[in-house]
Amino acid sequence: MGYALVTGASKGIGKAIATRLAKQGYDLLLIARSENLLGDLSKELQEKYKVKILIIGVDLSTDGAVDQISRKIESEQLPIQILVNNAGYGLWGRFDTLTLSEQEAMMRINTFTMVRLTYHVLPYLKKQPASYILNVSSTAAYQAVPTLAVYAASKAFVLHFTRGLRYELKDSGVSVTCLSPGPTDTNFMNAAGMHTEKMIQRAAKFNMTPDKVASIALKAMFKGKSEIVPGFINRISTWLTSFAPKSLTEKIAAGLYD
Ligand SMILES: NC(=O)c1ccc[n+]([C@@H]2O[C@H](COP(=O)([O-])OP(=O)(O)OC[C@H]3O[C@@H](n4cnc5c(N)ncnc54)[C@H](OP(=O)(O)O)[C@@H]3O)[C@@H](O)[C@H]2O)c1
C-alpha cells in the first residue's frame, strides 16, 4: 500500500479520515498548522497500526506551502496513492462586515491550495495502478448561502472542479470523489465564528460525528463514486435544492444562518 496525503489532519473530519486510513494499513503524510496535534496523532497511529507517518506543520494559505509539500514528496520519493484535500474553513458574517484579507485567505485555502496541491500530486497518483482523490466540499456548495456567501461559493468551486477533473481522468487509474458533509461535530463552527444560540442548538440536533462522515466518505471513495453527501437529511435537502427556485433556497438558507 502507498501513502495517503491528508490535509487538515490535525482535527475534525481530516483526523477521522487519517485514522481510518491508518487502520486500513496506509502510510500517511499529514498536513496542518498544528504540528503538536499532528505529532500526537502520528505517535498514536504509529503505535496502534504500525504504519509510517510523516508530518508537515504548514499554513496552507501561504505562498510556498504546496512547494514545501512537493519537495518532501520528491526528496523521499513517496508513493502517494490517495490525496485528501480536506483542509478548509468557513467565515460567518455579512460580506461587508468581514475583512477582505480574511476572506481572501479562506478562498486561498479552500480553492487555490486544493488546485495547486492536486496539480503537483497528480503525476504521483498516475504512477499507481489505482489511486484516489477525495476533495472535501460542503452541502453549502449546492446553493448560495447569505452570511456564508464566500464560503459557499468556494465550496461550489470545489464541487465543480472535482466533477470536471473526474471526467478528464475517467480513463486513467485515478478516481476523483467529492465529499459534501452537512453539519458535523468539529471545530468548524467555532472557527467560522458561528456562535449564536440558534445555530448551536440546531447543530446539536443535526450534527454527524466526524468518524461517521469519514467512514461514509472512504467507502464512497474506494467504490469510485463521483459525489457523496453523508446523512439522509443532508442528501434529501441537497436533492430538493436542485429542483427548488433559487430565490426560495436562498431565503431558506438565510433563515438557517441569520
Ligand atoms: N464541520 C462541518 O460542519 C463541515 C460541514 C461541511 C464541510 N466541512 C468541511 O470539512 C473540512 C474539514 O473541516 P472540519 O469540520 O473538520 O473543521 P476543523 O475541525 O476546524 O478542521 C479543519 C482542519 O483544517 C486545518 N486547517 C485550517 N486552516 C488551515 C491552514 N491555513 N493551513 C493548514 N491547515 C489548516 C485545521 O488544522 P490547523 O488548525 O491545525 O491548521 C484542521 O485540521 C473543511 O474543508 C470544511 O469546510 C465541514
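Two strands pair if DSSP finds at least two bridges between them. Strands of a sheet pair through backbone hydrogen bonds, either parallel or antiparallel.

Strand 5 and strand 6 pair in the parallel sense over 6 bridges. The bridge partner of Ile-133 in strand 6 is Val-176.

## Basis of the description

Residues are numbered from 1 along each chain as its sequence is written. Because the model is predicted, local features need pLDDT of at least 70 and side-chain atom pairs count only at pLDDT 80 or more, while totals for chains, interfaces and linings use all residues.

## The whole chain

The protein chain has 10 helices and 7 strands; these are DSSP runs, numbered from the N terminus (helices: H or I, at least four residues; strands: E, at least two). The radius of gyration of the protein chain, 18 Å, is close to the 18 Å that the globule rule gives for 258 residues, so the chain is as compact as a globular protein of that length. This radius is taken over C-alpha atoms, and the rule is 2.2 Å times the number of residues to the power 0.38. Along its principal axes the C-alpha trace spans about 50 × 40 × 35 Å.

Of the 258 residues, 40% count as buried (20 or more other C-beta atoms within 10 Å of the residue's own, with C-beta atoms placed from the backbone; 12 or fewer is exposed, and in between is partly exposed).

## Helix 5

The 20 residues of helix 5 (residues 149–168) should span 28 Å at 1.5 Å a residue, and the end C-alpha atoms are 29 Å apart, which agrees. The expected span is 1.5 Å times one less than the number of residues.

Among the buried residues of helix 5 are Val-150, Tyr-151, Lys-155 and Arg-166. The buried residues of this helix pack against helix 4 (100–126), strand 5 (131–136) and strand 6 (174–179).

## Around the ligand

The ligand is surrounded by 29 residues, the closest being Gly-8, Gly-12, Arg-33, Ser-34 and Gly-88 (a residue is near if its C-beta atom, placed from the backbone, lies within 6 Å). Helix 1 (12–23) and helix 6 (188–192) are the elements that give two or more residues to this shell. Helix 1 gives the most, with 3 residues.

Terms used
Two residues are in contact if their C-beta atoms, placed from the backbone, lie within 7 Å.
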